[in-house]
Structure formats: C-alpha cells, structure tokens
Amino acid sequence: MHLSSSLGLVEIGCATLANSYRQIADGHADEPDVKQTCQEFAAQCDHHQEQMKPFAARYGSHPSGEPERFHAIGLSSTRCGGLGLLRDLHDLYLLAGFLDMAWTLVGQAAKGARDQELIRTVDDCTKETRAQQQWLTTRLPAAPQALAVVD
C-alpha cells in the first residue's frame, strides 16, 4: 500500500516546513507580522504531525518505491533585507506546496482505504496548509518595492 509512503512524505513535509517557518520567524523578527504568523504556522505544522501519528502507527510511514526519491529540504539560512524576505517567503511557499501535494496523496489513499477518520484529519490539515499558502501569496505584494531597489 502506498499510503505508508505518502504518510512518510507528510511527516517529512510537516517537520521541514515547521522548522523552516521557525527559521524565518527568527531571521525576520523585525517584520512583526512575519514573525508572529510564521510561529503560528510552525505550531500548526507540529500539530498536523502529531495528528498523523496514530495513522502512521496503523499504516506505517516509511516511504518505499518511487516516492523515496522525493524529499523536502528545509532552509539553510535566512536572507537579509526586503528581497531576502521575498525569496524566503517564496521558499516557504514551495515547501508548503510540497506538503499540500503530500496531503492530496494521503487523502486519495485514505479514500481508497475507506478510513473516514483519516479522511477528516487530512481535510482539516489540508485546509490549514492551503491557508498558509494563501497568506504567503498575499504577503508578496511588497515584491515590487524589493525588486525595484538597484544593487
């Protein structure tokens, strides 16, 4: 069953995204909305990972076969200034997209397994992950100012 592979991707995605949100919150602490929101999103990702533990115990969470080639690598550092923030938010969006896709895969497998509890949990977590993506998208209107600055 590929559900265990997808659960492994969710586990890796949640942990990686949570750590990356914390890094951005610390690295861009001078941006109050970024700091507070990224801390909240990190806590959401931690909660998602906790919610998935019973399912990982039931189905396993070790990627096997084709999906093991895919992985999420967190941010190694934060960048400075407006353009740096823009690039860091873009990286967070990409990581959230990785997690959103993993939720989709788990949701499809849960439907195949007819596991209603897992389906509900995935639906809730997917909504929150997509809300994170929406915030990241709406936070980018500052991009023109950052991009217009000449080096």
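Let's start with Arg114, which is exposed, with a relative accessible area of 70%. Exposed here means over 50% relative accessible area, buried means under 20%, and partly exposed is in between, with a 1.4 Å probe and protein chains only. Where does Arg114 sit? Arg114 is found in the loop between helix H3 (81-113) and helix H4 (116-138). Its phi is near 55°, a positive value in a residue other than glycine.

A quick word on what we're looking at. This is a predicted model, where local features need pLDDT of at least 70 and side-chain atom pairs count only at pLDDT 80 or more, while totals for chains, interfaces and linings use all residues. Residues are numbered from 1 along each chain as its sequence is written, and side-chain values use heavy atoms, with hydrogens and water left out.

Now the overall fold. The protein has five helices and zero strands, so called because helices are DSSP runs of H or I with at least four residues, and strands are runs of E with at least two, numbered from the N terminus. Along the sequence, that reads α-α-α-α-α.

How do H1 and H2 pack? For helix H1 (residues 3-27) and helix H2 (residues 32-59), the axes come within 8 Å and cross at roughly 160°. That makes H1 roughly antiparallel to H2, a term for angles over 145 degrees. The axes are lines fitted to C-alpha atoms, for helices over the stretch in contact, and angles run from 0 to 180 degrees between N-to-C directions. The crossing of H1 and H2 is left-handed, meaning that the near helix is turned anticlockwise from the far one by less than a right angle.

Finally, the whole chain. Buried residues make up 41% of the 151 residues. Among contacts (heavy atoms within 4.5 Å) with a separation of 6 or more, 82% come from residues 24 or more positions apart. The accessible surface comes to about 8,300 Å², of which 55% belongs to carbon and sulfur atoms, by the Shrake-Rupley method with a 1.4 Å probe.

Note on methods: Parallel < 35°, antiparallel > 145°, perpendicular 65-115°, else oblique.
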